[in-house]
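Trainee: I would like to learn how to read a structure like this one. Could you walk me through it, feature by feature?

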Amino acid sequence: MKLALQFFFLFTITIGFSQSLPLSQDATISVITIGPGHNLNDAFGHNAIRVKSRFSDITYDFGRYDFDAPNFYLNFARGKLNYLQGKSDYNRFVALYIREDRTVKEQELRLTFAQKQALNNYLETNYKKNQGAYLYDFFYDNCATKIRDAVEVTYDNNFTYNLPKDYQEQTFRQLIDGNLHWNTWGSFGIDIALGSIIDRTAAQREQLFLPEYVNQNFETATLKDTKQPVVFNSKTIYTQKGINSNKTSTFITSPLLVLTIIAGIIVFITYTDNKNKTRSKGLDLTLFITTGVIGVLLFLLWFATDHTATAYNYNILWAFPLSVFCIPQLLKAVPKNWFIAYIKFSILMLFLMVMHWTIGVQRFAPALLPLLIALAIRYVYLLKYYKANRLQ
């Protein structure tokens, strides 16, 4: 009995620490691809690496974060938040995404035993080193690119990407749009916050910042020396049964309808002001405060953060930060000459924005169009109103 208890104790310890021991000869390593979820933060899917050995079945993923970390929201806004590597029991990991009704795919990689051991060692060592903390970048260093990079290093350049079926050259913004309906607040917010830097064409390998493209490109990748497929076996573990809400739009609450109504109100008030030869100060204060505050936020995202995707954002042409300094002039019957010049400047900026949109420098949120037209009409009316007042 004593001998049996000793054996049981040793067996339990072995299982508990098997992830740090050498892999068994029958070990397999797979790339797991999770489909999009129903929330905005889940809209682009997820990736993980599964390491299955005789006594363990572990998944490693990247892109987790600690809500309790000091200055969490400030660091997130500044692009200085550390993201973490995760480590989970495979069955629990997959069960979570099945409960969320998200597609789960698996691709077993064609690896030698030495390569499997090397990849496992890397994942374990990286996890033990401050839980693999790294500065997250949505396009260049995220949960998908970390998997891509780890697999590429494991193959030591003996790896070739071949064009998947139906491959298309797309910009980073177009790739994002493939996961979101254009007339949703999520898509609208992304188009407002992210700059023209994401309107350049993404190279084939760069498309692997999205988990689904990791799956597609690994499926057609081959080894340079043997020309064999990188993926030894692939299967779908679970298929989403419901409708992805991120790819649908409820028109009654959509950005296009809401901004069209707001634009209609602006145009109606402007028409009434023109008819009565008056100026609604409340409307002008609202417009300049709103566009000015948005402009300040865009300016900070551009110049005061480490987010690469928020640079060169020409939404600042309609939401200009200096508008907040114009508020005192709006309270006066006869403003300073520089304010009149600023209104002309604002009209010019709107035309410049249309040019940027037309020639493809940056693609803006389509739902903005009614608001931009209404702003142009209001600015032109302000010039007419102030000119008439100066002549009196």
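**Starting from one arginine**

Mentor: Happy to. Arginine 102 touches Ile34, Gly35, Pro36, Gly37, Asp42, Gly45, His46, Tyr97 and Tyr238, leaving out residues up to four places away in sequence. Keep in mind that this is a predicted model.

Trainee: Where does arginine 102 lie?

Mentor: Look in the loop between helix H3 (90-99) and strand S5 (104-109).

Trainee: And is arginine 102 buried or exposed?

Mentor: The way to decide is relative accessible area, where under 20% counts as buried. Arginine 102 has 3%, so it is buried. Its side chain also makes a polar contact of 3.2 Å with that of glutamate 100.

Trainee: How many bridges link S1 and S2?

Mentor: Strand S1 (residues 28-34) pairs with S2 over seven bridges, in the antiparallel sense. For one of the partners, take valine 31, which is bridged to isoleucine 49 in S2.

Trainee: Why is strand S3 described as largely enclosed by the rest of the structure?

Mentor: Count its buried residues. Six of the eight in S3 (residues 57-64) are buried, so the strand is largely enclosed. On one pairing, S3 meets strand S2 (residues 46-52) over five antiparallel bridges, with aspartate 61 as the partner of alanine 48. A hairpin of four residues joins S2 to S3. S3 also runs antiparallel to strand S4 (residues 82-89), with six bridges, and phenylalanine 62 has glutamine 85 as its partner there.

Trainee: Which residues have the most contacts inside the largest nonpolar core?

Mentor: They are Phe288, Trp318, Leu368, Tyr379 and Tyr386, in a core of 35 residues. Helix H13 (369-391) is among the helices supplying at least two residues, and H13 gives the most, with nine. Apart from this core lies another, of 30 residues, including Ala150, Val151, Tyr155 and Val214.

How values were computed: Residues are numbered from 1 along each chain as its sequence is written. This is a predicted model: local features need pLDDT of at least 70, side-chain atom pairs count only at pLDDT 80 or more; totals for chains, interfaces and linings use all residues. Side-chain values use heavy atoms; hydrogens and water are left out. Buried means under 20% relative accessible area, exposed over 50%, partly exposed in between (1.4 Å probe, protein chains only). Two strands pair if DSSP finds at least two bridges between them. A nonpolar core is a set of buried Ala, Val, Leu, Ile, Met, Phe, Trp, Tyr and Cys residues joined through side-chain atoms within 4.5 Å. A polar contact is a pair of N or O atoms within 3.5 Å; within protein, one must be able to donate a hydrogen and the other to accept it, and residues adjacent in sequence count only if both atoms are side-chain atoms. Contact means heavy atoms within 4.5 Å.
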